[in-house]
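The sequence and structure are shown first.

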Amino acid sequence: MSTAHTPGPQTSVKVSTGQLAAAWALVGLPLAYGVYQTLTRVAALFG
């Protein structure tokens, strides 16, 4: 006999726009740089 698990009450989290932008920049900038470096090296390899 299985019982269904019902989640409890959820709390919302307030994040300011500045914090959200900073978090995305912290992850996105190194990621974009890595993608750029990969694409330039692939172009040099095949071009």
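F46 is found in helix α1; helices (H or I, at least four residues) and strands (E, at least two) are DSSP runs, numbered from the N terminus. At 69% relative accessibility, F46 counts as exposed, where buried means under 20% relative accessible area, exposed over 50%, and partly exposed in between (1.4 Å probe, protein chains only). The C-alpha atoms of F46 and A4 lie 55 Å apart, with a separation of 42 residues along the chain.

L39 also lies in helix α1 and is exposed, its relative accessible area being 55%. From L39 to A22 the C-alpha distance is 25 Å, for 17 residues in sequence.

## Basis of the model

The model is predicted: local features need pLDDT of at least 70 and side-chain atom pairs count only at pLDDT 80 or more, while totals for chains, interfaces and linings use all residues. Residues are numbered from 1 along each chain as its sequence is written, and side-chain values use heavy atoms, with hydrogens and water left out.

## Helix geometry

The chain contains one helix and zero strands. The 30 residues of α1 should span 44 Å at 1.5 Å a residue, and the distance of 42 Å between its end C-alpha atoms agrees with this; the expected span is 1.5 Å times one less than the number of residues.

A kink of about 30° in α1 is centred on A25. The bend at a residue is the angle between axes fitted to the seven residues ending there and the seven starting there.

## Overall extent and surface

Along its principal axes, the C-alpha trace spans about 60 × 40 × 10 Å. Of the 47 residues in the chain, 0% are buried. The chain exposes about 4800 Å², of which carbon and sulfur atoms supply 69%; accessible areas come from the Shrake-Rupley method with a 1.4 Å probe, and for residues only the protein chains shown count as cover.
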